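Colleague: I have a model open and would like to learn how to read its features. Please take me through them one at a time.

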Amino acid sequence: MQLQDAVVVVTGAGSGIGAALARRAAAEGAAAVVVSDRDGAAAERVAGEVGGTADTTDVTDEAAVAALAERTVAAHGRVDLFCSNAGVFSGEGLEAATAVWEQVFAVNVLAHVYAARAVLPSMLERGSGYLLNVASAAGLLTTPGDAPYSVTKHGAVALAEWLAVTYGDRGIGVSCVCPLGVSTPLLMDPLEQGRSAAAVVAASGRVITPEDVAQSVVEGLADERFLILPHPEVATYWAQKAADPERWLAGVRRLVRSTTD
């Protein structure tokens, strides 16, 4: 999957990883970059930077996501790469209100479902297309201190796996991006607030920039790699978890204690 001459849609692209992906797509010579965000002003700013098209979209609204895809196809003839990037943290555990669980699930899982439903019909008709779902290392490991985030990011990875298995032989590429700490408001704001979940993430590895993630994505797409790991150590942690879950759980508990003592 090459970004040059591709029609690219990025959700949650008003800031953070999404904005970095939009900028990198434009720099790589994309034919069109659609910058989507629920914050229309933020989408306009990034679209102005990259010469793209701004689109105000609430990714938890399936009709709105479908309309985003339809507008893109009408304007550019196709969607080559749909980057389903929007995500949300909660910073809570089991005590989180049901409404919080539902909102986090809507953004972190259902938004990926809506994106796939919106673009797959035209991609399958052409016999080509690519889905890039931004999840988190939490989807392979966990995030102590944030139960809704951990559970839904596992769901996001599971959905990406299912999509790859189901459509991989029909011309559809699927990649799932699973970074650890990235210097975006999603991490840095709760870190400044002293949230335990953010502290554990920051202690788990180097906090990288959104541009670092975008670089990893470009490389991963070129290889058509399913798992894109901007923090390579995540692969080691994941292997350790699979090899000895008890030891891995004990190690995570130690890490949590070290950030709270």
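Colleague: Which residue forms a salt bridge with R71?

Modeller: A salt bridge here is a side-chain nitrogen of Lys or Arg within 4 Å of a carboxyl oxygen of Asp or Glu. R71 pairs with D55 in this way, and their closest N and O atoms are 2.9 Å apart. The two residues sit in distant parts of the chain, 16 residues apart: R71 in helix 3 (residues 62–76) and D55 in strand 3 (residues 53–56). Helices (H or I, at least four residues) and strands (E, at least two) are DSSP runs, numbered from the N terminus.

Colleague: What should I know about the model before going on?

Modeller: This is a predicted model, in which local features need pLDDT of at least 70 and side-chain atom pairs count only at pLDDT 80 or more, while totals for chains, interfaces and linings use all residues. Residues are numbered from 1 along each chain as its sequence is written, and side-chain values use heavy atoms, with hydrogens and water left out.

Colleague: Is D55 buried or exposed?

Modeller: Buried means under 20% relative accessible area, exposed over 50%, and partly exposed in between (1.4 Å probe, protein chains only). D55 has 10% relative accessibility, so it counts as buried. R71, at 42%, counts as partly exposed.

Colleague: How many salt bridges does a search of the whole structure find?

Modeller: It finds seven. One of them joins the side chains of E62 and R117, at 2.9 Å from N to O. This pair also links distant parts of the chain, with E62 in helix 3 and R117 in helix 4 (residues 98–126), 55 residues apart. E62 counts as partly exposed because its relative accessibility is 32%.

Colleague: Where is T57 found?

Modeller: T57 is in the loop between strand 3 and helix 3. Its relative accessible area is 3%, so T57 is buried. T57 and V107 are 50 residues apart along the chain, and their C-alpha atoms are separated by 12 Å.

Colleague: How many helices and strands does the chain have?

Modeller: The chain has 10 helices and seven strands. Its radius of gyration is 18 Å, close to the 18 Å that the globule rule gives for 261 residues, so the chain is as compact as a globular protein of that length. The radius is taken over C-alpha atoms, and the rule is 2.2 Å times the number of residues to the power 0.38. The C-alpha trace spans about 55 × 40 × 35 Å along its principal axes. Of the 261 residues, 50% count as buried.
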